[in-house]
Amino acid sequence: MVIMMSGLDYNLAPIELREQLSFTRVQVGALVERIRRERPGVLGCVLLSTCNRTELYLSCGKGAELQPGEVLCAAVGVPYAPFARAFVTRRGSDAARHLMEVSGGLQSQIWGEDQILSQVKGAIAIAREEGCADPVLETLFRNAVAAGKEIKTKVRLTGVATSAAARAVEVLEDRLGSLAGRRALVIGNGEMGRLSASLLREAGCTVTVTLRSYRHGETVVPAGCGVVPYDDRFAAMEGVDIVLSATTSPHYTVTAEQVRRLDRRPACVVDLAMPRDVDAAVGELPGVRLYNVDTLGAERHHGEIPAEATDILDDYMGRFYEWNNYRKCLPAIEDLKAAITERVLTYPEVEEDLDAGELVELAVGRAVDLLTGGLKEHITPEELERCVGKIRVHTAVKGREREGGHDRKRIPFPAIC
C-alpha cells in the first residue's frame, strides 16, 4: 500500500491557475468516484479543494506508478502541461505529514487559519459518501483532523486574522479607515458569506446580504443584517462603500459592465470566491479597488513550526504509522495463529482429546491477539513470518519423527520462535 498526493497551492500556482482546478462539493464527489472506479490500482481517493489549494490524495496497491496531478487533470478533462510546474507531489510519510500540517493551518496562506480544519473533514466525508475512503486514507485523515484540533486548542500560532474574511476586514479598515457607518453588500449567504457579513457588522458597517431563496426556519441570516434577493444585487450595490462576494457560482456575480453603469460605485470590492466571483476588469474601473484571496496581502509565515506543534504532529504521525504497521502485520498474525494451532494440535495429550481442537484454536487466537496487540509498536510482518516459518518447520520435523516411531521430548513454544 502506497500513499501519494499531488497538490497545487498559492505558493506556486497563481489564482488564474488554481481556479481552473477548483471544485464544488458535488464536483468533488463525482471526481473521486470516477478516479476510484476508472483507475486500476487506486484503492482510496480523497480530493481537498479550497480557495488556496487543490490536493488529490491516493492510496494505491504496491507497484502502482501514478502521478496524482495527471490523474486529476485527466479526470477533469484538462491538459496537464499548464499545471506541471505548479503541482507538488509527495509520497509516503511526506504526504502524511503534509496533510497533518495542512489540517493544523501550518501550510495556509493565512497562518493558522480556522476554516481549513472543517475543509479537511469535509473532504474525507465526501470520499466516504462516495465509497472512496479506504481504511488507510480514513485513518490518515482522522489522525490529521485530530492533530489539527489539538494544534488549534493548544498552540498559539498567530495574533493576526485567522480567516480570509477577517483579513478582508483588516484590509478594508486600512484602506477606508473606520468602518463605522459604512455600507456593505455581501453577495452569498454560505459559510464564508455569513462570516464576512458578521465581521463587517461587528466592525460597524450597515450590512445587506443577498439571498437566492428564503425558507423560514432554514435560512440563516447573520444577526443585524438586512437581506435582498440575489437578482436585485446591482440595485442594492448603488451607493454602497463595500461589495464582498463569496459564492460557489460558476459564473461572475459581479461584472465590469454592470459596475460601470452604477452612478456611485463602491470604493472597495472584495472577492473571496474560488473560482473568482468578480470580473478582474472591475479593478480597472476609476475609483474602485479590487481585492481577491491572493491580493489581500495576508502576511505569510516563513519561520519554523513551533516546537509544541511539532510535538503534536510527531505524536499523530506515530499513531498513524503504528496503526499502519499493525494493519500490515494482520495477514502474518493470522498465519501465526494457524501455525501455532497446528503445532499444539500435534501434542499427544491434545490429539487424544477429540473436544480439545476448538478450545485450542480459540485459546491460541486470543493469546496471539493479546501478545501482538501489546507488541504492535515493535513487531513487523517480516519478523512474524520468520516466527511462522520456524514453527512450521518444527511441526513438520515432529510429524516425521512420530511417523518413524520417535517421540522426543516436546520443545516449549518460546524456544522455537
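Modeller: Two packed helices are described by the angle between their axes and the distance between the axes. In this predicted model, the axes of helix α2 and helix α5 (residues 115-129) come within 9 Å of each other and cross at roughly 50 degrees.

Biologist: What does that angle make α2 relative to α5?

Modeller: The angle makes α2 oblique to α5. The two helices, α2 and α5, cross in the right-handed sense.

Biologist: Which residues of α2 and α5 meet?

Modeller: From α2 come R25, V28, G29 and V32, and these meet G122, I126, A127 and E129 of α5. Sorted by class, this contact between α2 and α5 has 4 nonpolar, 2 polar and 2 charged residues.

Biologist: At what angle do α2 and α3 pack?

Modeller: Helix α2 (residues 25-38) packs with helix α3 (residues 68-76) at an angle of about 110 degrees, and their axes are 10 Å apart. That angle makes α2 roughly perpendicular to α3. The crossing of α2 past α3 is right-handed. On the α2 side the contact is made by L31, R34 and I35, and on the α3 side by V71, L72, A75 and V76. The residues of this contact between α2 and α3 comprise 6 nonpolar, no polar and 1 charged.

Biologist: How do α7 and α8 cross, and which residues make the contact?

Modeller: The axes of helix α7 (residues 164-176) and helix α8 (residues 191-202) come within 9 Å and cross at roughly 35 degrees. The crossing of α7 and α8 is right-handed. Helix α7 contributes A164, A165, A166, V169 and L172, while α8 contributes M192, L195, S196, L199 and L200. By class, the contact of α7 with α8 has 9 nonpolar residues, 1 polar and no charged.

Biologist: Let us turn to the cysteines. How many disulfides does the structure hold?

Modeller: A disulfide is a covalent bond between the sulfur atoms of two cysteines. This structure holds 0 disulfides.

Biologist: Where is the place of C73, and is C73 buried or exposed?

Modeller: C73 lies in helix α3. With a relative accessible area of 1%, C73 is buried. Leaving out residues up to four places away in sequence, C73 touches L21, V78, P79, Y80, F83 and F87. One of these, F83, is 10 residues from C73 along the chain, and the C-alpha atoms of C73 and F83 are separated by 8.7 Å.

Biologist: With which residues is N143 in contact, leaving aside its neighbours within four places in sequence?

Modeller: N143 has its place in helix α6 (residues 135-154). At 10% relative accessibility, N143 counts as buried. Its contacts, with those neighbours left aside, are M100, Y316, R319 and F320.

Biologist: Where is N292 found, and with which residues is N292 in contact beyond four places in sequence?

Modeller: N292 belongs to strand β10 (residues 289-292). N292 has a relative accessible area of 11% and is buried. Beyond its neighbours within four places in sequence, N292 is in contact with I15, D271 and R276. The C-alpha atoms of N292 and A164 are separated by 9.5 Å, although these residues are 128 residues apart along the chain.

Biologist: How far apart in space are L330 and P381?

Modeller: L330 and P381 are 8.0 Å apart, C-alpha to C-alpha, and 51 residues apart in sequence. The place of L330 is in helix α11 (residues 307-344), and at 39% relative accessibility L330 counts as partly exposed.

Biologist: How many helices and strands are there in the protein, and how much of the protein counts as buried?

Modeller: The protein has 14 helices and 10 strands. Of its 417 residues, 48% count as buried. Among the contacts with a separation of 6 or more, 69% are between residues 24 or more positions apart.

Notes:
Residues numbered from 1 in each chain as written. Predicted model: local features only at pLDDT ≥ 70, side-chain atom pairs only at ≥ 80, totals over all residues. Heavy atoms only, no water. Axes fitted to C-alpha atoms, helices over the stretch in contact; angles between N-to-C directions. Helix = DSSP H or I, 4+ residues; strand = E, 2+ residues; numbered from the N terminus. Parallel < 35°, antiparallel > 145°, perpendicular 65-115°, else oblique. Left-handed = near helix turned anticlockwise from the far one by under 90°. Contact = heavy atoms within 4.5 Å. Nonpolar A, V, L, I, M, F, W, Y, C, P; charged D, E, K, R; others polar. Disulfide = S-S within 2.5 Å. Buried < 20%, exposed > 50% of the residue type's maximum accessible area, 1.4 Å probe, protein only.
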